Every structure is written in C-alpha cells, then in structure tokens.
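Please walk me through this protein, one part at a time.

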Amino acid sequence: MKIKIVSKPGTTAEVKTGNWRELTYPVIDHEKCIGCDLCAKICPEGICFPTGEKNSQGRVYYETDLDYCKGCSLCAEICPVKCIKMVEENK
Ligand code: SF4
Ligand code: SF4
C-alpha cells in the first residue's frame, strides 16, 4: 500500500481518491451551467474544469474529475444556479 502525505492545499489533486470518497459525488446538469467558474475556484482538489463544450445556451459547461473528487460538496454549495447535485455513491 502506497501512502502519500499532503503538505500543501490543492496538492491532493495528485492523489487519486480510489474508492474511499465521502458518501456523495457531484453530478453537473450541463444545460443549467452558466460557466461562472466558481466551482473551479472553490474546489480544494482543483478538479472542476471547463469542458470546452457548449450547452444549448451557448455557454461552456463545467465537469469534475471524479477520479480525484473527495465528495466535500463545496462545489454544489457555491454554484449560483444549483446545477450541481450531490449523488450518493452506488446510486
Ligand atoms: S465535491 Fe469537493 S472535491 Fe469533489 S469536485 Fe466538488 S469541491 Fe471538488
Ligand atoms: S458553479 Fe455551477 S454554474 Fe458555475 S461553472 Fe460550476 S457548475 Fe457551472
């Protein structure tokens, strides 16, 4: 078993979560996303990113890299249009 020590905020992006995430993970409704970038700014893992794809409103929507997500819900809390829903694992 490999153990990594995290010494600075944001550097946990180097450490894959594997299967120990908190109980929920974020799912983004791309159609509602307004591309405000707040989720990217607040995510402690630095794993919310603009996809480069546009929704029907012509806005670039965001996605998260679940391989590194810790399920903290901060992105869902800050999203101004509430288009991030935290979903229970295995559902
Ligand atoms: S739940 Fe937390 S770690 Fe996962 S994408 Fe949102 S802010 Fe980042
Ligand atoms: S906070 Fe919500 S609206 Fe803003 S970019 Fe992220 S998902 Fe889109």
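Ligand 2 sits in the largest cavity of this predicted model.

Now turn to ligand 1. Its space is the second largest cavity. There are 14 residues around ligand 1. The nearest are Cys43, Cys69, Cys72, Ser73 and Cys75. Sorted by class, the shell around ligand 1 holds nine nonpolar, three polar and two charged residues.

Next comes the fold. The protein has two helices and four strands. The protein has 91 residues, and 31% of them count as buried. Its accessible surface comes to about 6200 Å². Carbon and sulfur atoms account for 54% of that surface. What about contacts along the chain? Take the contacts between residues at least 6 apart in sequence: 68% of them join residues at least 24 apart.

Start with threonine 24, which lies in strand S1, residues 24-28. Is threonine 24 buried or exposed? Its relative accessibility is 19%, so threonine 24 counts as buried. The cut-off for buried is under 20%. Set aside the neighbours within four places in sequence. Threonine 24 is then in contact with Gly71, Ser73, Met86, Val87, Glu88 and Glu89. One of these, Ser73, is also among the residues that come nearest to ligand 1.

Cysteine 72 is another residue that comes nearest to ligand 1. Find cysteine 72 in the loop between strand S3 (60-64) and helix H2 (74-78). Cysteine 72 counts as partly exposed because its relative accessibility is 43%. Cysteine 72 and leucine 23 are 49 residues apart in sequence. In space, their C-alpha atoms are 9.1 Å apart.

Isoleucine 47 sits in the loop between H1 and strand S2 (48-54). Its relative accessible area is 7%, so isoleucine 47 is buried. Which residues does isoleucine 47 touch, not counting those up to four places away in sequence? They are Glu63, Thr64, Asp65, Tyr68 and Cys69. Look at Cys69 again. Isoleucine 47 and cysteine 69 are 22 residues apart along the chain, and 7.2 Å separates their C-alpha atoms. Cys69 is also among the residues nearest to ligand 1.

Last, look at the backbone. Most residues other than glycine have a negative phi. Aspartate 37 has a positive phi, near 80 degrees, and is not a glycine. Aspartate 37 lies in the loop between S1 and helix H1 (38-42). With a relative accessible area of 23%, aspartate 37 is partly exposed.

Lysine 82 is not a glycine either, and its phi is positive, about 50 degrees. Lysine 82 is in the loop between H2 and strand S4 (84-88). Lysine 82 counts as exposed because its relative accessibility is 53%. The cut-off for exposed is over 50%.

How values were computed
Residues numbered from 1 in each chain as written. Chains lettered and ligands numbered in written order. Predicted model: local features only at pLDDT ≥ 70, side-chain atom pairs only at ≥ 80, totals over all residues. Heavy atoms only, no water. 1 Å grid on protein atoms, 1.4 Å probe; cavity = no way out; pocket = protein on both sides within 12 Å on 5 of 7 lines; lining within 4 Å. Sits in = over half its atoms within 2 Å of the grid points. Near = heavy atom within 4 Å. Nonpolar A, V, L, I, M, F, W, Y, C, P; charged D, E, K, R; others polar. Buried < 20%, exposed > 50% of the residue type's maximum accessible area, 1.4 Å probe, protein only. Contact = heavy atoms within 4.5 Å. Areas by Shrake-Rupley, 256 points an atom, 1.4 Å probe, with all protein chains shown as cover.
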